[in-house]
Amino acid sequence: MSLYPTAGVNGTHPPGESGNPITLPGNPDFPFDPLSAALSSSQARYTVANPKSLEAHNEACKDFPGGNTRTVLHSSPFPITFVKGEGCELTSLDGDVYIDFLGEFTAGIYGHSNPAIAAAVSEAMKSGWNYGGPNMYERALARKVTKRFYPSGIELVRFTNSGTEANTMALAAAVAYTGRTKVLAFKNGYHGGTLSFPLTSNKINTNLPHDFILAPYNNISGTQTILDSLPKDSLAAIIVESIQGSGGAIPGNEDFLHFLNTSANKLGALFIVDEVITSRLSYHGLSSELSLTPDLVTLGKWVGGGMTFGAFGGRKRVMSMFDPRDGVLAHSGTFNNNVVTMAAGCTGIDLYNEAEVKRLNALGDSLRTGLQAILLRYQINQEQPATFKPCPQKNELESPFTGTQCFISTPDTALSVESLSLSDPRNTKSKIAHHSRKGGMWVSGRGSIMNVHFSGESEKSLQSIFWHYMMERGIYLAQRGFVALNIETNENHVEKFLKAAEGFVGMYQGGMGH
């Protein structure tokens, strides 16, 4: 593992990363922004350090739109291509090794090469695959799922290939069961690629054509007002994440979640809790820990042993509609019961036992509180904005931000890429100069999942600079700041993350209004 290239051009260093604050002549109508310059520097170093990944991305653009088949994996200026995963480490095409703090957006909870899961899949495939009929693995996994998540309300379960499919089927079940059409969802929520509700929504999207009504998350009075405005007996379901995962790891207030549960019951609507991400945070599911009583629960990500997986389950009175003997609903899917996922899931769900759930949550808590302690030590504003407004791209469906802001290049302020691309960040001795833009840095989440946020006018630039800074130090996380630990993560890894994060805060505290 190494930092980005170290030799400067003619001994130069990029703006904001030499010994003195930046002062350049120029038109005062076009002020120089040191954060934009620092971001340009980071992106240039990144480009120089990853030529093979850049070439692979350019080649991919010949066959994929934008070189991409999963939007959230795009990063600016281009994504790193990985060629190997082992334990909790990833090796890039350019030969650099990173500690994985992304955990495949919570699906990679077992790390990248768990021997027990690898053996289970290998053993299953010895007997062939694509049976076109039931197999013993699916029944074993179903029993494990209903036993484990029964306290959260899963009496019967059906498997799908993703969390998106699981939520799609749950909503279909609610509409069929109630005979109603309206669905209450929440702003900043994400239930899959076709069920996405970012704060800055686009009229052109890929959402399913349900009659969605959007309410403010964690806002009882605002949600009550919307519920009161609905025609009588029109609401089919309330669907909610107990922690908005893709929306920035924002925990739901317990009073708010119980209000939703009670409201659904009073209105005769189904209460659907999306636990695709949160089911990892408590052995029996977070719904059980929070004493919620959902009618339907959706699962995904980690439950399939790291393979493609989703599930929806709930009360027998609802799930019996899918009984092919006498039910009214059909549910198909060629790979719903594929032996690879079923075998991996059977082994993985046992590996992630109650003791491991507690250990990983405690490790996540130590990382989050460690970050908060650093911010407190440097007197960084950690206050969550009164009206939480994550940048639009924090939702998984949307492309990650470029991180650029309104730095305008003029002949007086122009900087060559060459002068920005080859400095050694290890030689940095100063902080980015304090300037007028105020903001803050804060961490949200629970247990083993969290998100590092920035606020203020420069939040996009700071978020992107933070990602580049951590990448330079061998720490891989989502460009939007999302972190999900895996069972291969240990205290030493957390210490490395905290050390790198403190270096960032020390360097850029001026850009956060310190």
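1. Contact here means heavy atoms within 4.5 Å, and on that basis helix 4 (residues 136-149) lies across strand 4 and strand 13, running at about 125° to strand 4. Axes are lines fitted to C-alpha atoms, for helices over the stretch in contact, and angles run from 0 to 180 degrees between N-to-C directions.

2. This is a predicted model, in which local features need pLDDT of at least 70, side-chain atom pairs count only at pLDDT 80 or more, and totals for chains, interfaces and linings use all residues. Residues are numbered from 1 along each chain as its sequence is written, and side-chain values use heavy atoms, with hydrogens and water left out.

3. The protein has 14 helices and 18 strands; helices (H or I, at least four residues) and strands (E, at least two) are DSSP runs, numbered from the N terminus. Of its 514 residues, 55% count as buried, that is, under 20% relative accessible area with a 1.4 Å probe, protein chains only, whereas exposed is over 50% and partly exposed lies in between. Among contacts between residues at least 6 apart in sequence, 78% join residues at least 24 apart.

4. An open sheet is formed by seven strands in the order 4-14-13-12-9-5-8, with mixed pairing; two strands pair if DSSP finds at least two bridges between them. Strand 4 and strand 8 (211-215) stand at the edges with a single partner strand each, so one side of each has no neighbour in the sheet. From one strand to the next, the twist averages 20°.

5. Strand 14 (residues 310-314) is joined by five bridges to strand 4 (residues 156-160), and the two run antiparallel. Five bridges also join strand 14 to strand 13 (residues 296-300), again antiparallel. Gly 314 is the bridge partner of Leu 156 and also of Leu 296, while Val 297 stands opposite Gly 313.

6. Five of the five residues of strand 14 are buried. Both of its faces are covered, with Gly 310, Phe 312 and Gly 314 on one side and Ala 311 and Gly 313 on the other.

7. The axes of helix 3 (residues 115-125) and helix 10 (residues 339-351) come within 8 Å and cross at roughly 150°. Residues that meet include Ala 116, Ile 117 and Ala 120 in helix 3 and Val 339, Ala 343 and Leu 351 in helix 10. The residues of this contact divide into 11 nonpolar, two polar and no charged; Ala, Val, Leu, Ile, Met, Phe, Trp, Tyr, Cys and Pro count as nonpolar, Asp, Glu, Lys and Arg as charged, and the others, Gly among them, as polar.
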